[in-house]
Amino acid sequence: MIRSTLTGLLAAVAVLGFVSPAQATPRDRPVDPRPSTAELAWALHALEWRSRGAVDVSEIGKSNQGRPVWSARVGHGPLRILYITQQHGDEPLGTPAALEFLRETGAGHSKYQRWLRSQVTVDIIVRANPDGHEQNWRYNYDPDAQPEYGEAGKGYDINRYHDPAVAPEDNPATEAGLIQAHHAGFDPDIVVDYHMQGRYVDHEGREITASLMWPTHPGVAPADVALAKQISVVAHRAMTEAGGNVTQYPGGDYQGIARNAYGLLGKGSVLIELSDLGAEHEQAQIASALSSMRAIARGAADGSLGTVDPGAAERIPPRGEPLPRAAGALLVDSAD
Ligand SMILES: [Zn+2]
């Protein structure tokens, strides 16, 4: 009786993703879910120093308000992976996950770390939209703009300005142009863009912890869609094993969305949306994002990613209905 009750409880907790301390937090103490601009710069440069250069931090340009947009690169292997976090300023949790990934991959010389760094080069644009972070809004900061995608008086929605037909230097959304130029210079095999969404259930009524999707623009080459599906399956598996409940994301086809744009430019491009489950679940959500970063890098490094059946992505369940807006929820529900 007690055993079955406990088993049931653990199963219920596992579905929500908060089952064991080892999985619930990436470290033995909580990480800051929203480091300030200054704290982020300090953390990145401390990592560069502690890793003795294994983590290489550089500024890819400045935001409209003059804040640095950082790239942090770890590894020197032939497979190139680009992670992007926080294009939308009020979707913060990919950023601390990136710091943890850089820390565990770069700061140390275990056999595994040295092997991983020899197989992959992982570049992370850590907090692509620092002005939006400071404003705690979705957009960049461009209050005089009349954006087609964005909000007058605030700025552009950066994640609608990756259209490959627009050159970086002509991009009206400054930070999107920085990402385009950085992508072109790095030429990654894999791109994963980390966002956050509101709260939803799956089709069985269980709350989900994240959603993901591959490019849906019809012009993306089938081989590149297949690779994105393989990446999606690996991320789904890792986040599920870490206790998450992950669905497909019902994203649009527009070519200005990073997921589609970098798919159109070739290779694998995936979107991951962490649900905004509230403050008490943020450490678990950071750990979940970290598990996906870790699994994708490892799967690319050991070749297992290439053996995944892309068709398995189609069996990831679709996202269900939104939950009624919970007290304290910050996010406006909007695509990608
Ligand atoms: Zn977003």
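These are my notebook entries on a predicted model of a single chain.

**Ground rules**

The model is predicted, so local features need pLDDT of at least 70 and side-chain atom pairs count only at pLDDT 80 or more, while totals for chains, interfaces and linings use all residues. Residues are numbered from 1 along each chain as its sequence is written.

**Overall counts**

I started with secondary structure and found ten helices and ten strands in the chain. Both kinds are DSSP runs numbered from the N terminus: helices are H or I with at least four residues, strands are E with at least two.

Next I looked up burial. A residue is buried if 20 or more other C-beta atoms lie within 10 Å of its own, exposed if 12 or fewer, and partly exposed in between, with C-beta atoms placed from the backbone. Of the 336 residues in the chain, 51% are buried.

Then contacts, meaning two residues whose C-beta atoms, placed from the backbone, lie within 7 Å. Taking contacts between residues at least 6 apart in sequence, 77% join residues at least 24 apart.

**The sheet**

I traced an open sheet of eight strands with mixed pairing, in the order β1-β2-β4-β3-β7-β10-β8-β9. The edges are β1 (55-62) and β9 (246-248); each has a single partner strand, so one side of each is left without a neighbour in the sheet. Neighbouring strands are turned by 20 degrees against each other on average, direction ignored. For angles, the axes are lines fitted to C-alpha atoms (for helices over the stretch in contact), and values run from 0 to 180 degrees between N-to-C directions.

Pairing here needs at least two DSSP bridges between two strands. My list of pairs:

- β3 and β4 run parallel, joined by six bridges, and Leu-79 stands opposite Val-120 in β4.
- β3 and β7 pair in the parallel sense over five bridges; Ile-81 has Ile-190 in β7 as its bridge partner, and Thr-85 stands opposite Tyr-194.
- β7 and β10 are also parallel, over eight bridges, and Val-191 has Ser-269 in β10 as its bridge partner.
- β8 (residues 210-213) and β9 pair in the parallel sense over three bridges, with Leu-212 opposite Gln-248 in β9.

**Helices on the sheet**

I checked α4 and α10 against the strands. α4 packs on the sheet, touching β1, β2 (68-74), β3 (79-85), β4 (120-126) and β7 (190-197), and its direction makes about 150 degrees with that of β4. α10 packs on the sheet too, touching β3, β4, β7, β8 and β10, at about 165 degrees to the direction of β3.

Phe-101 sits in α4 (residues 94-106). I count it as buried because 25 other C-beta atoms lie within 10 Å. Leaving out neighbours within four places in sequence, Phe-101 is in contact with Leu-290, Met-293 and Arg-294. The C-alpha atoms of Phe-101 and Met-293 are separated by 7.0 Å, though the two are 192 residues apart along the chain.

As for β3, five of its seven residues are buried.

Of its 83 residues, Tyr-83, Ile-231, Ala-235, Ile-272 and Ile-296 touch the most other members. Helix α10 (residues 282-302) gives the most to this core, with eleven residues. Beyond four places in sequence, Ile-272 touches Val-192, Tyr-194, Ala-210, Leu-212, Ala-235, Ala-289 and Ser-292.

**Glu-273**

Last, I looked up the annotation: UniProt lists Glu-273 under "active site" in an unreviewed entry. UniProt positions follow the numbering used here, feature names are shortened, and annotations may be inferred rather than shown by experiment. Glu-273 is found in strand β10 (residues 268-275), and counts as buried because it has 26 C-beta neighbours inside 10 Å. Not counting residues up to four places away, Glu-273 touches His-195, Met-196, Gln-197, Ala-210, Ser-211, Leu-212 and Tyr-249.

Key:
Core = buried A, V, L, I, M, F, W, Y, C linked by C-beta atoms within 7 Å.
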